[in-house]
Amino acid sequence: MANTPTLSVVVPCYHIEPYLPETVTSLVNNARDDFEFLFVEDRSTKDRTYEALLALTRRLGNSRIVRHENNGGLATARNTGIDLAEGRYLTFLDGDDWLAPGYLARLVDVIERFDADFVRTDHVQVTGVERALHRAPEGRRHTLLDPRSSILPVDDTTMVDYPYAWAGIYHRRLLDRGLLRFHDGLRTAEDRPWIWDLHRRAESYVVASLHGVFYRRGLAGSLTQIGDVRQLDFFRSFDLVLGELAADPEAGRLRAKALRNFCVVIAHQLLDRRRFERGVAVRLKRLAAEALGAMSEEELSEAVVGMGEERVHVLRRVRGGMKGVAA
């Protein structure tokens with residue numbers, strides 16, 4: 001590519017060979033001479049993801065494949081792509097998802113029109129043959145916003161509860177401010193510290209009503225479906241969020257929101273614990289008890305307001321001492 005790319009698309013790939021034809025075809029249908037496509041193959045061993053990439057990307061201009069020597073997880077794979085990206089803007093696409101034709105051009109148009117630090121979009125969730133539109137939880141659309149204004153309230157779903165990195169586009173200047181990169185080694189919930197950092201430290205963003213990214217759910221090999229020790233990385237992820245909030249000028253108010261996020265995820269994992277390997281389930285319960293035990297009764301009472309009896313009950317059972325906490 002002779003000139004600096006307008007957009008770099010980072011595509012981490014791991015054990016997703018069956019889905020790559022649709023993914024790459026969707027990128028072909030979005031390609032422009034000023035777009036580059038960076039595929040990071042995270043050392044797949046159970047299928048021929050790497051070989052499929054070599055064959056399929058021959059028809060995708062300005063594409064590059066990088067293969068890790070060792071599997072590093074999604075956060076590290078994305079960071080590899082970020083470090084190689086040369087575009088003025090960056091976006092992400094997981095290797096088993098796909099885009100509507102022309103979506104990337106529309107995404108670039110929005111961020112250029114508003115000159116925002118980043119743009120967030122809606123997405124379409126695909127489960128088998130079913131498709132459902134999921135809207136970003138911010139009603140103010142196509143207007144320049146302060147990212148901090150979309151973190152609270154504590155007891156409602158907000159933009160920090162919508163962490164999907166692939167549902168948006170990001171200006172390169174965020175990298176100069178120490179943003180955009182993920183915490184290396186996180187294999188799940190890698191986007192939680194990342195989205196909190198964006199909303200606390202970036203200066204401007206826009207929510208666009210674009211519906212061009214298609215996110216597959218319920219895949220047998222996906223980390224959301226398996227029950228091994230990698231799932232427990234969410235404890236480290238939220239420890240990072242809480243640690244980074246400590247120095248924030250609004251630490252008290254934002255900590256309450258982060259603790260609610262944490263409790264929601266803990267409750268979800270505990271209620272779905274049957275999918276975990278036995279040893280992992282035991283460790284999950286122990287780590288959950290430690291995390292909940294580190295919260296004061298006052299913090300916990302605020303965190304679980306409106307969460308529902310089932311989730312509060314499972315948290316109460318693991319932590320103990322929550323008899324006065326209402327659902």
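Trainee: How many salt bridges does a search of the whole structure find?

Mentor: The search finds 26 salt bridges. Keep in mind that this is a predicted model.

Trainee: What makes the pair of Arg-67 and Glu-41 a salt bridge?

Mentor: The closest N and O atoms of Arg-67 and Glu-41 are 2.8 Å apart. The cut-off is a side-chain nitrogen of Lys or Arg within 4 Å of a carboxyl oxygen of Asp or Glu, so the pair counts. Arg-67 belongs to strand β3 and Glu-41 to strand β2 (residues 35–41), so the bridge ties together parts 26 residues apart in sequence.

Trainee: Are Arg-67 and Glu-41 buried or partly exposed?

Mentor: Glu-41 has a relative accessible area of 0%, so it is buried. Arg-67 has 28% and counts as partly exposed. The limits are under 20% for buried and over 50% for exposed, with partly exposed in between.

Trainee: What do Arg-255 and Glu-299 tie together, and how far apart are their closest N and O atoms?

Mentor: The distance is 2.8 Å, and the two residues form a salt bridge. Arg-255 is in helix α8 and Glu-299 in helix α10 (residues 297–303), so parts 44 residues apart in sequence are tied together. Arg-255 is partly exposed at 29% relative accessibility, and Glu-299 is partly exposed at 24%.

Trainee: What separates Asp-197 and Arg-201 in helix α6?

Mentor: About one helical turn, because they are four residues apart in that helix, which covers residues 191–201. An α-helix has 3.6 residues a turn, so residues three or four places apart point the same way. The side chains of Asp-197 and Arg-201 meet in a salt bridge at 3.1 Å, N to O. Asp-197 is buried at 15% relative accessible area, while Arg-201 is partly exposed at 40%.

Trainee: Which residues are linked with Asp-197 and Arg-201 in a network of salt bridges?

Mentor: The network also links Arg-148, Arg-200, Asp-248, Glu-250 and Arg-253.

Trainee: Why is helix α3 called largely enclosed?

Mentor: Eight of its eleven residues are buried, so the rest of the structure largely encloses it. The buried residues are Ala-75, Thr-76, Ala-77, Arg-78, Asn-79, Thr-80, Gly-81 and Ile-82. Their cover includes β1 (7–13), β2, β3, β4 (89–92) and α5 (173–176).

Trainee: How do you know that Asn-79 is buried?

Mentor: Asn-79 has a relative accessible area of 1%, and the limit for buried is under 20%, so the label follows. Asn-79 is part of helix α3 (residues 74–84). Leaving aside residues up to four places away in sequence, it touches Arg-181, Phe-182 and Asp-184.

Trainee: Which residues gather in the patch of positive charge on the surface?

Mentor: Arg-273, Arg-274, Lys-285 and Arg-317. Patch members need over 30% relative accessible area and no salt bridge, and like charges are joined within 9 Å. Arg-274, at 85% relative accessibility, counts as exposed. This arginine sits in the loop between α8 (251–271) and α9 (278–293).

Trainee: What makes up the negative surface patch?

Mentor: Asp-155, Asp-156, Glu-298 and Glu-302 form the negative patch. Asp-155 is partly exposed at 48% relative accessibility, and lies in the loop between β8 (130–134) and β9 (168–171). Pro-153 lies in the loop between β8 and β9 too.

Trainee: What is the peptide bond from Leu-152 to Pro-153, cis or trans?

Mentor: That bond is cis, with omega near 15°. Most peptide bonds are trans, and most residues other than glycine have a negative phi.

Trainee: What is the phi of Asn-62, and what is that of Asp-115?

Mentor: Asn-62 has phi near 55°, a positive value in a residue other than glycine. For Asp-115, phi is near 50°, again positive in a non-glycine residue. Asn-62 is in the loop between α2 (49–56) and β3 (63–67), and Asp-115 is in the loop between α4 (103–114) and β6 (118–121). Asn-62 has a relative accessible area of 33%, so it is partly exposed; Asp-115, at 43%, is also partly exposed.

How values were computed: Residues numbered from 1 in each chain as written. Predicted model: local features only at pLDDT ≥ 70, side-chain atom pairs only at ≥ 80, totals over all residues. Heavy atoms only, no water. Patch = residues over 30% accessible without salt bridge, like charges linked within 9 Å, V, L, I, M, F, W, Y side chains within 5 Å. Areas by Shrake-Rupley, 256 points an atom, 1.4 Å probe, with all protein chains shown as cover. Lys, Arg positive; Asp, Glu negative; His and termini not counted. Charge placed at Lys NZ, Arg CZ, Asp CG, Glu CD. Helix = DSSP H or I, 4+ residues; strand = E, 2+ residues; numbered from the N terminus. Buried < 20%, exposed > 50% of the residue type's maximum accessible area, 1.4 Å probe, protein only. Contact = heavy atoms within 4.5 Å.
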